[in-house]
Amino acid sequence: MTDSAHEETFRNILANILSKTDDSDLAHINEIALEYNALNEKFGMRISDQRAVKIATELASAHKSKLELGATVRNESTFDPWLDERKAKVEMRRGATYDRLLIERGWGKSVVRTLGRQTDKIVELLGDPEVGASWSRKGLVIGEVQSGKTATYIGVLNKAIDLGYQIVVVIGGHTEDLRRQTQERLDSDLIGDDTSFRSDGASRRLNTRIGVGRIDENIGTTALTSARYDFSMKTAESTTVNLATGNPTVFVVKKNTSVLKSLAKYIRSTAVGDVHNVPLVVIDDESDWASVNTSAKDKERTAVNRAIIDLLSVSRRNSYLGITATPFANILIADDKEARDLFPRDYIVALESPSTYRGVDFYFPPEGDKSQNINSDIDDFHELLPQKHKKDAVVNKLARSLKDAILAFFLATAERYRRDGAQSPSSMMVNVSRFNAVQEKFSILIEDYVESVGEAILASAGYFGERSDATPRIIRELQRVANAQFASQNLDVRDLGPELQKVAEDIHIDLVNGLTMKDRNDRLATFTRKSLAEWKQRPAIYVGGNVLARGLTLDGLVVSYFTRRAGAADTLLQMGRWFGHRPGYDDLTRVWMDREVIDHFTYVAGVSQDLRNSVAEMRDLNLTPREFGLKIRLHPETSFLITAANKQRAGVKHDSPGVFSYRGKAFETHTIPNNEQLTEQNRQAVLGLLEMLPAGGAERSSGSRNIYWRGVAHETVESFLHDFSLNTKLPTSKVFGIGSSLPAGIASVGRQCGWTVGLMSGSGKHPVTYLAEADLPYDVDARASYRNNVELSEDGKDLRLSQRRLATGGNIVASVASEERAAALAARKKSKSYSGSNDSERELTQSEVLRAGLKSPMLLIYTVSIGPESTSAVDASMPPEKRNARRRLSELKEVPALVMATPGLSEQETREDLESGGTKFGSKYIVNSVYARLELGLGDWDDVDEDEGAGL
């Protein structure tokens, strides 16, 4: 056995040992690992003690990982429970084997148990395969980017086969890279055989059992696709397979019209009477991409959508399960197409992410908290290549920031090697242009630079470990980047000599785009699983665009250099390949991305999270998927983002009226007037309101300088808003009743319940001058909220704040009355997902408070000003437009800004709202370019270009 094989055996056995204990003491687990390793000496299988402790530490961390059960919305009229009774009669052999495989890989037993419960719920929703009549079910599973969705649907498929599903089709992405990646995963976790040997008959000569097939050799699965090749009619017809009996048959195919048509034709050809009667399940990975029918003509379908529907029709008993991290388009499929389209009419499941997942909150913490993982200073790159450029753009050198990112990749990879005591997969992503030609130019420049760095490292081998003044330049440069990027890790480059030399020897550049895909696929098709694994061990820098941005997993991704922008939520979130699990090296991950793109990621991810939270809300209200779809359409932000996604695919114009609900939402004046007169007018309006609020009614917040008034008359608030000024072209102005009156959905509850008004204090060091100097009937010590990241609107009339956020979720939760927090907590305990462990008011989320706690609308008043870190030296290094925006905010000094939060609807009100199409508690608006540009800050910056898609 090789060293890697010894390590795998050690990991598997130690994982099984730990799965049988609740011991979480790391010192004791390391002791067990060292004792077991010593026993392996006599068998010639001992690994280094460093590696043994490293593996034990990783397993101990996974042992502590937690996973909550996801929420489900289902159509009760189409669902009949059947699983519990069936499981009592059926041996769930594959399901149990899959659990063992996950345990061997080091998954914590708590996570495996929860995953088992989750997959039980989903497989029951697929439909009972033993029901003989014709039936068809459609559902959707939502999860965060790279959070474990594949592990979930593979668990579902293992159990589905145990229970009687005979034909399994997995649509594994729109490129061969994605399909191969999916095939390799299913080979191990579902099929149990290495299909990379299938094409040359080697499987008849060699033991190719892997994964579940290694654990249980009696598991039998027929695979008519392989890790080397997609489905081929010629290959399938040369194989004698009875799809109706015997082993289940699995197909892993690309999301390609011709492939899907050929597959449907083949399956039909094996049926008696052109249609099978055996149960069929189709998994559509990345189901929001190309699967949704976006044809502008009612009676026409897009090609892929038509092909998937035809594929489902090959069996009278079929189940379709879409999988996606960005479900906007899936949920917004038009109602009149539900019966004949892929709308998830039977169920929607929102998965939770494990506690070890590193997502938006890790990389983009709330305003005021700086992430060590993000570098936003990439202005030097945009000076060389503007954000808007053409495919013939001149690229003749690399920006300093990109060179630093590459050096950081050398360092992070070397440090991983040192920590692990062995080589581990490590990768970097460079995504800076949608154009293939531009990507190729960068690939060449990066390869030249990496080669020069590698040569310098190898030439300086004798200087590593030395403490000398005659240090070579490359070591000084690496140490400079180490000090800047990894200060908390205290990296000393001189101690990383052997590891850096290994990186320099093995690193390679891989250009991944539409023009390189065929050659790349042909080359990878020659690899066996073993040779591919060895190739993936080499550190790699992947250069590309949209092909890199969806579904593709870059093993060991540790550094990303990302300058792209996107005008739609799904496009933007899918580009975040750095999200995911980074065990043992999450502190080394780094992302280079400018502040504006960070803002958009944070904003869009918040909308996406709100959508997932809505699943739990809709479940507790016993709404159906159709009603859930209607509810999401009423989200004031989601509705635009989806329209943009559809526009990207089908050219839908932004000129149709829409409706959104005002209730259970928070709205903010994150775009403020760039005008001294209007700013002063707003300050006077705030003072006028404060003078009307009683001193005796002021409620001082414990632990902060915030002041609140409860039960303020609606007329008082409405009068203040009438005097407050905003750009009336902004949709936000309509929500706040600027220049008109408050929307009826807000005004009605304000008149009935009164308002809470809060004077909010930020992190400023000094009292807000205009408040401190005012003659108010009570003491005010409010401080400004610093905002150093601000941009001018296109016409220069407004300033837009970073992340389009004034308040954090914690601000709103902390501002509600104690009885309102108690009501939100009580609602949580009544929720179907309540586990009993999350019963602290401190853990309440904004959505919980707005939905079930807040009883009266809330108006929070902030003062925004430029922060002290915005010095002239900092400003001088910025592009003119950013420098001008900061200068203007500095000149405006203390700028009032508002947050409005509204109570959610009751169950009865929700149903009335849905029945009225949102008009009872909502309002109509026009989704147009003004809304896109001014309110969301999202435009058609970087949609997919035909140049990018060439050659797929």
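How exposed is D781, and what is its relative accessible area? I find D781 partly exposed, because its relative accessible area is 31%. I use buried for under 20% relative accessible area, exposed for over 50% and partly exposed for in between (1.4 Å probe, protein chains only).

This is a predicted model, where local features need pLDDT of at least 70, side-chain atom pairs count only at pLDDT 80 or more, and totals for chains, interfaces and linings use all residues. Residues are numbered from 1 along each chain as its sequence is written, and side-chain values use heavy atoms, with hydrogens and water left out.

Salt bridges came next (a side-chain nitrogen of Lys or Arg within 4 Å of a carboxyl oxygen of Asp or Glu). My search of the whole structure gave 45. D781 pairs with R783, with the closest N and O atoms 3.3 Å apart. R783 is buried, at 10% relative accessible area.

I then checked D274 and R268, which form a salt bridge at 3.7 Å, N to O. D274 is partly exposed at 42%, while R268 is buried at 18%.

D177 and R180 also bridge, at 2.9 Å, N to O. Both are buried. They sit 3 residues apart in helix 8 (residues 176–191), about one turn of the helix. Helices here are DSSP runs (H or I, at least four residues), numbered from the N terminus.

I noted a network of salt bridges too: it links E176, R179, D230 and K254.

Last, helix 6 (residues 109–126). Of its 18 residues, 15 are buried. G127 follows helix 6, with a positive phi near 120°.

How values were computed
Helices (H or I, at least four residues) and strands (E, at least two) are DSSP runs, numbered from the N terminus.
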